[in-house]
Amino acid sequence: MQANVIAQPVAYELPDLPYSLGALEPYVSGETLEYHWGKHHRGYVNRLNDLVRGTDLAGQPLDELVKQAKGATFNNAAQAWNHAFYWKCLTPHGPSRPSSRVAAAIEKRFGSFESFKGLFARTATGKFGSGWIWLVRNAEGTLFVEATDDAGNPLADGRTPLLTCDVWEHAYYLDYRNDRAAYVDAFWRIVDWDFVERNFSAAEKARNK
Ligand code: FE2
């Protein structure tokens, strides 16, 4: 008989990559994924577990931590969330352009797919220091391109992420050295527009509830 067993909240886990380490080559190398996912992302998850163990925050859904936590707990929770989302934004097999619904929303807001890509790329190359570039949808259904600093996540400000690009140097330095623009060029070759479509539909459904 077991006695004095106290249920512990389930620890946060490093999610599996949706593809093999070498699947995104030549755009993102297996070596980059080995370090980016296997070391950096794993490190955020491990530090988050250390930070929340034994506190009221342990066991909270990750997106709730992103919305509510502060300081180091926010930083590690948001980096855990952002990276899990970023891996899903990438695929070796996706269509090279968005579906008709996302394409229409992008054209309505930004004029054309090409002008959206230009704005996103300029936002990425113009971002000073580490952070993330996002396509988001606000509560009214309007799309925006925005940059967040460090671990920043639009969920914390009530906007829904549809797509993200990690512009921390650890995302591209092994493959592109200091050439962030070349990394962003390559990013377009591996975006999973089906995932963006699912995020767009889920946001629309949530809005219409
Ligand atoms: Fe990263």
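This is a predicted model: local features need pLDDT of at least 70, side-chain atom pairs count only at pLDDT 80 or more; totals for chains, interfaces and linings use all residues.
Visitor: How do you know which residues belong to the lining of the largest pocket?

Guide: A lining residue has an atom within 4 Å of a point of the pocket, and the residues that line the largest pocket include D63, K67, W81, F85, L155, F195 and N199. The volume of this pocket is about 240 Å³.

Visitor: Which helix gives the most to that lining?

Guide: Helix 3 does, with 4 residues, while helix 2 (62-68), strand 3 (160-166) and helix 8 (193-208) are among the elements that each supply at least two.

Visitor: Why are residues of the lining called nonpolar, polar or charged?

Guide: Phe and Trp are among the residues that count as nonpolar, and Asp and Lys among those that count as charged, so the lining divides into 7 nonpolar, 2 polar and 3 charged residues.

Visitor: How do you know that domain 1 is in contact with domain 2?

Guide: Contact means heavy atoms within 4.5 Å, and 18 residues of domain 1 are in contact with 24 residues of domain 2. The area buried between the two domains is about 1,700 Å², of which carbon and sulfur atoms give 68%, and T32, F85 and Y86 supply 34% of the area that domain 1 buries against domain 2, more than any other three residues.

Visitor: How many salt bridges are counted between domain 1 and domain 2?

Guide: The count is 0.

Notes:
Residues are numbered from 1 along each chain as its sequence is written. Side-chain values use heavy atoms; hydrogens and water are left out. On a 1 Å grid over the protein atoms alone, a cavity is a set of points where a 1.4 Å probe fits but cannot get out, and a pocket is an open set with protein on both sides within 12 Å along at least five of seven lines; lining residues have an atom within 4 Å of a point. Grid points are joined across faces, edges and corners, and a volume is the space filled by probe spheres set on the points. Buried area is the accessible area (1.4 Å probe) that two parts lose on being put together, summed over both. A salt bridge is a side-chain nitrogen of Lys or Arg within 4 Å of a carboxyl oxygen of Asp or Glu.
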